[in-house]
Number of protein chains: 2
Amino acid sequence: MEALITGGTGLIGAEVVRTLAKRGASKLTVFDINDSTQRLDELATSVTIQQGDLGESRQVLDVVRKSQPDVIYHLGGMLSLPSDNNPQAAFLANAVGTYNVLEAARIHGVSKVIFSSTIGTYCQDLDDRPIDDLTLQRPMLFYGACKVFGEHMGMFYRRKYGIDFRGVRFPSIVGPGVRTPGSVQYTSHMIEESANGRHFTIWVRPEMRVTLLYVKDAARAIVELAEAPVEQIQMVNYVLAGPSPSAQELADLVERKIPGARIDFEIDQEIQARLDKSIHPIDDRFARDEWGWQPTYDLEALVDDFLTELSQHPQRYA
Amino acid sequence: MEALITGGTGLIGAEVVRTLAKRGASKLTVFDINDSTQRLDELATSVTIQQGDLGESRQVLDVVRKSQPDVIYHLGGMLSLPSDNNPQAAFLANAVGTYNVLEAARIHGVSKVIFSSTIGTYCQDLDDRPIDDLTLQRPMLFYGACKVFGEHMGMFYRRKYGIDFRGVRFPSIVGPGVRTPGSVQYTSHMIEESANGRHFTIWVRPEMRVTLLYVKDAARAIVELAEAPVEQIQMVNYVLAGPSPSAQELADLVERKIPGARIDFEIDQEIQARLDKSIHPIDDRFARDEWGWQPTYDLEALVDDFLTELSQHPQRYA
């Protein structure tokens, strides 16, 4: 199996590269605008790395032509808050970028494209039911708008050109080395800051509950979705869920795992009000039913592995 | 009031131009890729017409800078079936085009942008309820995918940049001069062919019911939406509905209005199967409640006016 991974030097991307390498992929190509291969660590020398911009169609066509992958894992793009700060760059990276990937797959005969979308596509006009794959997607941020468009384009390319497009919608991803700011990333920050002996202040209510997914489960989900038999893929795009701890529960666990951890709360009312509107429980039954998705890291396993990673691979997450 | 109308030489666009001219707009600029001003008829000499391509940002920036409109009525783009035949052109016209219009509005300080979307944004994963503004939008065609993206981008520009973006989702538009092929356009074709003394064969079941909107109601809706007080605009994007005749009811009415009309049925099973899945009743209560929308043409008034238009302005619809 040969694969191209866009965004392959990033948080989830590098973990997908690692997961595919472990499963014996014969050739892996990473396409990323970022030239740091820090997260790829010891894999940086065994995968092909092509620096480039998703918004530049010639660069995308070029890397797809050269690597001739069986599957494109399209994880690249600008994240939520950077996109909100620069929607013009996000339009190119996220909307044009996904179009460029689908077009390159069509032109060069790549049979499968896997796409990562977000729980941020659900935001406005929600009712009281848990979020599932039939919930209205009405994003508030530009990032979410581009992701919905990517899902819809992928479904169209699936129907029109027979490209086996499939996608996931991730909840908040937790893992070592998270640097991008985000309103629910007190989770990763709390664990990493505490491991480094620093005090951490959580900005949401102690009883606030957010659905998480450990980065290794996220990467495995993407690879398992790609490997599922095509006849099982009916919904095409799938929301995923892992543990849903309250901020207090996560803080208690971190304090138990890291003696001396100093964690307190100071609520940011603006963030809290926004989260109160948009955070809902997640029902990922379609992914579970159709291709057997299930998370393997419960909250304790997540924190344990996070701390092990930090101590075993400090250079990877520095 | 000065306005820029993209797609202003088209079916709805020309009628919007006519409606604004009747209401005493001081300056109207039409931006369209089509250089035929046939539908604008006697107005072609009194409005400014700029031929250009929505996908070319410099052309869009240029016409917005030169015309300095109070409102942009953004009706331009590629329609449903042409988009399906050439998604690459549709990506430029519909996705990049709407982005270009929003960016031009931001850069040149246009305070209001009105957008036309489509009932085609509702298609897959529908439940049994009537379609309203809270129904899941999961389009099957590229046209619908671009329209959902346009709605989401507009809502984002509204929040981020304070542009007073508002939009409508049209059902099947009926009017003289409809040439673009479409699976439910037996409606307009039946009336016009019968008026011209030609036999017409309807390709859906006689009892098939489709929600229509007369082109003059569609144009008035757009202008009234633009004029509504800003505090009443909560939903932002609104589905609209007019009469919902069965194919048989419309045929009976046309035969009554045009003695000697010859209309019969020959069902296209493929189109019928697709329509059976995607056609639902439409509930436009949000538009009615928030800004007082209501259609003025019932089915009989629609057919009467259609026939009057054809006889009074044959050159406009030739």
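In the predicted model, the contact between the two chains draws on 37 residues from chain A and 37 residues from chain B. In chain A, the residues that lose the most area to chain B are A:Arg138, A:Phe149 and A:His152, which together account for 20% of what that side buries. The area buried between chain A and chain B is about 3100 Å², and carbon and sulfur atoms give 61% of this.

Between chain A and chain B, 12 residue pairs are in polar contact, both residues of each being at pLDDT 80 or more. On the side of chain A that touches chain B, helix 3 (80–85), helix 4 (87–107) and helix 5 (142–161) each supply at least two residues. Helix 5 of chain A gives the most, with 13 residues. The residues of this side of chain A comprise 21 nonpolar, six polar and 10 charged. Four salt bridges are counted between chain A and chain B. A salt bridge joins the side chains of B:Lys160 and A:Asp84, with an N to O distance of 3.8 Å.

Over all chains, the whole structure contains 66 salt bridges. Within helix 4 of chain A, A:Arg106 and A:Glu103 lie three residues apart, about one turn of the helix, and their side chains meet in a salt bridge at 2.9 Å, N to O. A:Glu103 has a relative accessible area of 8% and is therefore buried, whereas A:Arg106, at 31%, counts as partly exposed. In chain B, a salt bridge of 3.0 Å, N to O, is formed by the side chains of B:Arg65 and B:Asp62. Both residues lie in helix 2 (residues 57–67) of chain B, three residues apart. B:Arg65 is partly exposed at 43% relative accessibility, as is B:Asp62 at 27%.

A further salt bridge pairs A:Asp304 with A:Lys257, the closest N and O atoms being 2.9 Å apart. This pair links distant parts of the chain, with A:Asp304 in helix 11 (residues 299–312) and A:Lys257 in helix 8 (residues 247–257) of chain A, 47 residues apart. A:Asp304 is partly exposed at 32% relative accessibility, and A:Lys257 is partly exposed at 26%.

A:Asp70 is located in the loop between helix 2 (57–67) and strand 4 (71–74) of chain A. With 37% relative accessibility, A:Asp70 counts as partly exposed. The side chain of A:Asp70 reaches the backbone nitrogen of A:Glu2 at 2.7 Å. Beyond residues up to four places away in sequence, A:Asp70 touches A:Met1, A:Glu2, A:Val110, A:Ser111 and A:Lys112. The C-alpha atoms of A:Asp70 and A:Val113 are 8.9 Å apart in space, with the two residues 43 residues apart in sequence.

Note on methods:
Residues are numbered from 1 along each chain as its sequence is written. Chains are lettered from A and ligands numbered from 1 in the order in which they are written. This is a predicted model: local features need pLDDT of at least 70, side-chain atom pairs count only at pLDDT 80 or more; totals for chains, interfaces and linings use all residues. Side-chain values use heavy atoms; hydrogens and water are left out. Contact means heavy atoms within 4.5 Å. Buried area is the accessible area (1.4 Å probe) that two parts lose on being put together, summed over both. A polar contact is a pair of N or O atoms within 3.5 Å; within protein, one must be able to donate a hydrogen and the other to accept it, and residues adjacent in sequence count only if both atoms are side-chain atoms. Helices (H or I, at least four residues) and strands (E, at least two) are DSSP runs, numbered from the N terminus. Ala, Val, Leu, Ile, Met, Phe, Trp, Tyr, Cys and Pro count as nonpolar, Asp, Glu, Lys and Arg as charged, and the others, Gly among them, as polar. Buried means under 20% relative accessible area, exposed over 50%, partly exposed in between (1.4 Å probe, protein chains only).
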